[in-house]
Amino acid sequence: MRYNVAQLLKELTGISRHYVVEETIASPEPEWGDMLPVQGPVDMVRTSRGILVTAHLQAKVQDTCARCLEPATELVDVDFEEEYFPMIDIETGAPLHLPADSDGFTIDRQHQLDLTEALRQGVLMARGLSPLCRPDC
């Protein structure tokens, strides 16, 4: 879930882009299965320091049923709002320092914004503690 945001970084503060995610990505956690289907809207807004990403995603996570140990699929709703900061200046190519109050999400040197880590953290927070293969298990 990588986006080239070079053009958005050149825009004025407040300019936005809207994306609809419908893809299957390599799972960021081995216990969730090999692939992770993800879908939902993603909005990106240029800020004075970087890009604010707001996402409302659903992911199908593979797991093991807490009762019968059969395979279980859990549909997880993930909502997050994170600001991503560029590592280099889009105009000059000079290295930039992250703001002291940043959470550490960055836009890489090729102006690629990767949502995978924010999605992984969101899924970890949104998952149920005891997944079930079916409600009556």
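**Questions on a predicted chain**

Me: Among contacts in the chain between residues at least 6 apart in sequence, what percentage join residues at least 24 apart?
Reply: A contact means heavy atoms within 4.5 Å. Taking contacts between residues at least 6 apart in sequence, the share that joins residues at least 24 apart is 53%.

Me: What is the mean pLDDT of the chain?
Reply: This is a predicted model, in which local features need pLDDT of at least 70 and side-chain atom pairs count only at pLDDT 80 or more, while totals for chains, interfaces and linings use all residues. Residues are numbered from 1 along each chain as its sequence is written, and side-chain values use heavy atoms, with hydrogens and water left out. pLDDT is the predictor's confidence in each residue, from 0 to 100. In this chain 99% of the residues reach 70 or more, and the mean is 91.

Me: In what order do the elements of the chain run from the N terminus on?
Reply: Helices (H or I, at least four residues) and strands (E, at least two) are DSSP runs, numbered from the N terminus. The chain has two helices and seven strands. Their order is β-α-β-β-β-β-β-β-α.

Me: Where in the chain is confidence highest?
Reply: The lowest confidence is in helix 2 (residues 116–126), at a mean of 92. The highest, at 97, is in strand 7 (residues 112–114).

Me: Over how many bridges do strand 4 and strand 5 pair?
Reply: Two strands pair if DSSP finds at least two bridges between them. Strand 4 (residues 51–64) and strand 5 (residues 71–86) run in the antiparallel sense, and Leu52 has Glu83 in strand 5 as its bridge partner. The two strands form a hairpin with six residues between them. The number of bridges over which they pair is 14.

Me: Which residue stands opposite Pro86 in strand 6?
Reply: Strand 5 and strand 6 (residues 106–107) run parallel and are joined by two bridges. In strand 6, the residue opposite Pro86 is Ile107.

Me: Is Leu69 buried or exposed?
Reply: Leu69 sits in the loop between strand 4 and strand 5. Its phi is positive, at about 65 degrees, although Leu69 is not a glycine. Buried means under 20% relative accessible area, exposed over 50% and partly exposed in between (1.4 Å probe, protein chains only). At 63% relative accessibility, Leu69 counts as exposed.

Me: Is His111 buried or exposed?
Reply: His111 is in the loop between strand 6 and strand 7. His111 is not a glycine, but has a positive phi of about 65 degrees. With a relative accessibility of 15%, His111 counts as buried.

Me: What is the centre to centre distance of Tyr3 and Tyr19?
Reply: Rings of Phe, Tyr and Trp (its six-membered ring) pair if their centres lie within 6.5 Å; planes under 30 degrees apart count as stacked, over 60 as edge-to-face and the rest as tilted. The whole structure holds two aromatic pairs. Tyr3 and Tyr19 form one that is tilted, with 45 degrees between the planes and a centre to centre distance of 4.7 Å.

Me: How many residues apart in sequence are the parts that Tyr84 and Phe105 tie together?
Reply: Tyr84 and Phe105 form a tilted aromatic pair, 5.2 Å centre to centre with 35 degrees between the planes. Both residues are buried. Tyr84 lies in strand 5 and Phe105 in the loop between strand 5 and strand 6, so the pair ties together parts whose separation in sequence is 21 residues.

Me: Which cysteine has the sulfur closest to that of Cys68?
Reply: A disulfide is a pair of cysteine sulfur atoms within 2.5 Å; a search of the whole structure finds zero. Cys68 is partly exposed, at 32% relative accessibility. At 3.6 Å, too far for a bond, the closest cysteine sulfur to that of Cys68 is in Cys133.

Me: Which residues does Arg120 touch, not counting residues up to four places away in sequence?
Reply: Arg120 lies in helix 2 and counts as buried, at 19% relative accessibility. Leaving out residues up to four places away in sequence, Arg120 touches Pro28, Glu29 and Trp32.

Me: What percentage of the 137 residues of the chain count as buried?
Reply: The C-alpha atoms fill a box of roughly 60 × 25 × 25 Å, taken along the principal axes. Of the 137 residues, the share that counts as buried is 40%.
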